[in-house]
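Good morning. Please have the sequence and the model open while I talk, and stop me if you lose your place.

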Amino acid sequence: LWRPGPEADPRQSVEGFARWLARIPSDRMESTDEPRRLLAIGEYGPALISAVSLLEFTLTRTLKGRAPGQARVSLRGLLQTARNMGLIQSDAEREHLEQAITRRNEVVHRVRPVPAKVARSDVDLILRTVDRANNW
């Protein structure tokens, strides 16, 4: 993984990062270190991408077999299931997570920057949710 220079097309950079992230073995997906590391160096979009990927992996693993009749569902579907089962503690928390997913999609597909304060808030909530799911 490398950071391109300022003349590089940002879309290619973000898409390259998303491809790189998808290749991470699942056993490494359990660590919350990467989103935190990326926040610390000011890489707010990649931090959000990494955190949302970790959230999806963790919810899929945690809810597997606990939610009857669930085949592969979308991340938003996982959030709703997690809310229904009490893993996500409030509708406001679920809505904040959904907004974070929307921002992640904008980073990946529209190459929109994420302000530092927003990224920190989103990543913090996602990592708290991941921690709760890991201990559920």
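Among contacts in the chain between residues at least 6 apart in sequence, what percentage join residues at least 24 apart? The figure is 62%. Keep in mind that this is a predicted model.

Now the overall layout. The chain has six helices and zero strands, so its pattern along the sequence reads α-α-α-α-α-α. It has 136 residues, and 38% of them count as buried. The accessible surface is about 7,900 Å², with 49% of that belonging to carbon and sulfur atoms.

Next, the core. The largest nonpolar core holds 32 residues. The members that touch the most other members are Leu48, Leu55, Leu59, Leu79, Leu97, Val123 and Ile126. Two or more residues come from each of α1 (10-22), α2 (33-40), α3, α4, α5 and α6. Which element gives the most to this core? That is α3, with nine residues.

Let us stay with α3, which covers residues 44-63. After α3 comes glycine 65, with a positive phi near 85 degrees.

Leucine 59 is worth a look. Leaving out residues up to four places away in sequence, leucine 59 touches Lys64, Leu75, Leu78, Leu79, Ala82, Leu87 and Ala133.

Several of those names come back in α4, residues 75-84. Its buried residues are Leu75, Leu78, Leu79, Thr81 and Ala82. They lie on the same side of α4, because they cover an arc of only 165 degrees around the axis. The general rule is that an α-helix has 3.6 residues a turn, so residues three or four places apart point the same way. What do the buried residues of α4 pack against? They pack against α3 and against α5 (91-110). Following α4 is glycine 86, whose phi is positive too, near 90 degrees.

One last residue. Most residues other than glycine have a negative phi. Valine 111 has a positive phi, near 50 degrees. Where is valine 111 placed? It sits in the loop between α5 and α6 (116-134).

Technical notes. Residues are numbered from 1 along each chain as its sequence is written. This is a predicted model: local features need pLDDT of at least 70, side-chain atom pairs count only at pLDDT 80 or more; totals for chains, interfaces and linings use all residues. Side-chain values use heavy atoms; hydrogens and water are left out. Helices (H or I, at least four residues) and strands (E, at least two) are DSSP runs, numbered from the N terminus. Buried means under 20% relative accessible area, exposed over 50%, partly exposed in between (1.4 Å probe, protein chains only). Contact means heavy atoms within 4.5 Å. Accessible areas come from the Shrake-Rupley method with a 1.4 Å probe; for residues, only the protein chains shown count as cover. The arc is that of the directions from the helix axis to the C-beta atoms. A nonpolar core is a set of buried Ala, Val, Leu, Ile, Met, Phe, Trp, Tyr and Cys residues joined through side-chain atoms within 4.5 Å.
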